[in-house]
Amino acid sequence: FDRIKEVDEKVGAFLTLDEENAIARAKDLDKQLENGELDEGNILFGLPVGIKDNMVTKGLRTTAASKILENFVPVHDATVVEKLRDAGTVTVGKLNMDEFAMGSSNENSAYKIVHNPWHLDYVPGGSSGGSAAAVAAREVPFALGSDTGGSVRQPASYCGVVGLKPTYGRVSRFGLIAFASSLDQIGPMTTSVEDNAYVLQKIAGHDERDSTSAHVEVPDYLAALTGEVKGLRIGVPKEYLGEGVSEGVREKVVEALEVLKELGAEWEEVSIPHAKYSLSAYYMLASSEASSNLARFDGIRYGVRHTGDNLIDTYKKSRSEGFGDEVKRRIMLGTFALSSGYYDAYYLKAQKVRTLIKQDFEDLFLKYDVIIGPTAPTTAFKLGEAVDDPMTMYVNDILTNQINLAGVPAISVPCGLSEGLPVGLQIIGKHFDEATVFRVAHAYE
Ligand code: GLN
């Protein structure tokens, strides 16, 4: 808390702090430890953690950085929060984000912006900008983020930390405020690959409260960190190093590939033929799912109510006052794409494109162990620079959202600086093969 107080006024990573409860919990853990009731060997024991504010925390305000949830205090914990608590961690507070996880710069938070700890005039990335900045500024040793189209990896890249989006279904989404349910995944944000593996180990696994969480065994991720990549086959899609990717980013990624080559891995250029359609398909599908998921925020069941003359009027007022511009834009886009007469042309078409992209990845993984490229086309940009231009903002996740469409796991690891700002290397693996992703990331790191 001393460290948070020292820097967070400048960084803006936290929306809510829970100091009193956290300290009480830490004292309680101490007592249990003294009484021999707890396993001292548990690596996460006693560590403070920050949770992105779209994961529900019992008794602790959860806003998703939206005005519409300004007063929302959940009655239960998300599964990930519960699992971390069982592992002996201490939740210190809730982290800033783009409203309902929609954005790439954290400037869509209804409360305050987050500053990139490397350079306070720059964005931290988004939507898990608070999580990335809190870890980068050493306010917490690790945090949880969520990733629908890049929201763990892109801010990790901009803030020089490690961020993993696990395979869709690897981590329970129970208690994650839904944005686009077929894409959303929760992932750890840490300062090292090893830490990331420790956290995933604790939060992964099937959960009967999330029917999309998979019945797939969770391997020993720490055992995967062998440092060994000899003979590993890497595919590098030419689309990932082409037009739109800045020179500084390209240079650092190629340097990283050379490091892996020196360690005995082999890489060659490949292609993801449908990559160029992923941005359109992603924004169509994510907005459609969002328009449906966000229907529940009506001022009646949750959050802030603005009373009107009748029920419909109350819905309208609550939603008009409660949602920010970007959220409204997505709801309108999604509602349009799902409406009769347009459904086939937009939503269904985007679903078909999604299948093609997934097949592109499956084809590549017949031959390659991992696919590598940059996490984002550029380093962090200046605060305010893209805030009025949704298209420029959307292009930020051109290299990340196709991974969500395919459902495969991917990590962003720091691979150097370009003009003083961090560059992220993205390592993409096969479905449920986070172990190989960790192995390669760790060997490189
Ligand atoms: N920037 C993307 C969007 O705004 C990604 C969001 C996310 O992954 N939550 O939709």
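**Close-up views of the ligand site and its surroundings**

View 1. A nitrogen atom of the ligand sits 2.4 Å from a polar side-chain atom of D397; a polar contact here is a pair of N or O atoms within 3.5 Å. This is a predicted model, where local features need pLDDT of at least 70 and side-chain atom pairs count only at pLDDT 80 or more, while totals for chains, interfaces and linings use all residues. Residues are numbered from 1 along each chain as its sequence is written, and side-chain values use heavy atoms, with hydrogens and water left out. For S104, an N or O atom of the side chain is 2.9 Å from a ligand nitrogen. The protein buries 100% of the 290 Å² that the ligand exposes when taken alone (Shrake-Rupley areas with a 1.4 Å probe).

View 2. The ligand takes up the space of the largest cavity, a cavity being a set of points on a 1 Å grid over the protein atoms alone where a 1.4 Å probe fits but cannot get out; a molecule sits in one if more than half of its atoms lie within 2 Å of its grid points.

**View 3. The loop between β3 and α4.** A101 belongs to this loop, and its phi is near 70°, a positive value in a residue other than glycine. S127 is also placed in the loop between β3 (90-95) and α4 (129-136). A cis peptide bond joins G126 and S127, with omega about 5°.

**View 4. An aromatic pair, F336 with Y346.** The count comes to twelve aromatic pairs (ring centres within 6.5 Å; planes under 30 degrees apart are stacked, over 60 edge-to-face, the rest tilted). In F336 and Y346 the ring centres are 5.6 Å apart and the planes lie at 50°, so the pair is tilted. Because F336 is in helix α10 (residues 325-338) and Y346 in helix α11 (residues 344-367), the pair ties together parts ten residues apart in sequence.

Methods: Polar contact = N/O pair within 3.5 Å; in protein donor to acceptor, adjacent residues only side chain to side chain. 1 Å grid on protein atoms, 1.4 Å probe; cavity = no way out; pocket = protein on both sides within 12 Å on 5 of 7 lines; lining within 4 Å. Phe/Tyr/Trp six-rings, centres within 6.5 Å; stacked < 30°, edge-to-face > 60°. Helix = DSSP H or I, 4+ residues; strand = E, 2+ residues; numbered from the N terminus.
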